Amino acid sequence: MRTLTSSLLLALSLAGCAKINDVGMRLISSSAPALAVVNETLLSGEVKLFTDRTGTVALNAGNGLQCMGNMRYTASKSGAINLKCSDNTEVSLSFNALSETSGFASGRGARGPASLTFGLEPTNATAYLTLPPGKRIVTTAEGALRLQ
């Protein structure tokens with residue numbers, strides 16, 4: 001009986017530690033603005049970077065398209081991003097870090113090229129994004145970005 005009680009207490013303690021670690025990682029995460037072009041649509045959002053060299057990506061477009069995903073470093077300054085979009089598009093991107101909180105990624109989905117930047121100002125991000133032929137990123141009078 002004593003062994004069962006000890007085992008149960010140990011299991012509960014470890015579960016609590018995992019939850020504390022999860023909360024702790026979120027508290028010390030870094031957020032960076034993100035821009036992406038998927039299916040010839042410009043999306044903007046945020047990348048959250050965690051201390052364990054992983055992260056999350058959340059992107060939205062004005063037309064209702066949303067893409068969410070995860071990222072992970074696979075080397076000291078590069079890694080992979082997997083996105084799943086609300087139109088059922090799945091995109092795998094390879095990224096290169098420019099600093100601890102900035103970088104760029106490119107890849108290909110079923111409907112063509114895809115690209116993403118994080119931690120860069122829009123004027124700098126456009127150098128790394130794969131835009132549809134004949135399109136450019138413009139700022140509207142309201143301050144929003146769009147493809148034109």
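A residue is called buried under 20% relative accessible area, exposed over 50%, and partly exposed in between, with a 1.4 Å probe and protein chains only. The model is predicted, so local features need pLDDT of at least 70 and side-chain atom pairs count only at pLDDT 80 or more, while totals for chains, interfaces and linings use all residues. Residues are numbered from 1 along each chain as its sequence is written, and side-chain values use heavy atoms, with hydrogens and water left out.

Strands here are DSSP runs of E with at least two residues, numbered from the N terminus, and two of them pair if DSSP finds at least two bridges between them. Strands of a sheet pair through backbone hydrogen bonds, either parallel or antiparallel. In this model a closed barrel of eight strands runs E1-E2-E3-E4-E5-E6-E7-E8, with antiparallel pairing. From one strand to the next the twist averages 25°, taken between axes that are lines fitted to C-alpha atoms, with angles from 0 to 180 degrees between N-to-C directions.

Begin with E1 (residues 30–38), which is joined to E2 (residues 41–49) by nine antiparallel bridges. Ser31 has Lys48 in E2 as its bridge partner. The two strands form a hairpin with two residues between them, and Asn39 in that turn has a positive phi of about 50°.

E2 also pairs with E3 (residues 54–60), in the antiparallel sense and over six bridges. Here Ser44 is partnered by Asn60 in E3. This hairpin has four residues between its strands, with Arg53 in the turn at a positive phi of about 70°. E3 then runs antiparallel to E4 (residues 66–73), with seven bridges between them; Gly55 has Met71 in E4 as its bridge partner.

Now turn to the charged side chains. Side chains of opposite charge can pair when their charged atoms come close. A salt bridge is counted when a side-chain nitrogen of Lys or Arg lies within 4 Å of a carboxyl oxygen of Asp or Glu, and a search of the whole structure finds two.

One joins Lys84 and Glu90 at 3.2 Å, N to O. Lys84 is partly exposed at 41% relative accessible area, whereas Glu90 is exposed at 54%.

The side chains of Asp87 and Arg111 also meet in a salt bridge, at 2.6 Å, N to O. This pair links distant parts of the chain, 24 residues apart: Asp87 is in the loop between E5 (78–85) and E6 (90–99), and Arg111 is in the loop between E7 (102–109) and E8 (112–118). Asp87 is partly exposed at 29% relative accessibility, and Arg111 is exposed with a relative accessible area of 57%.
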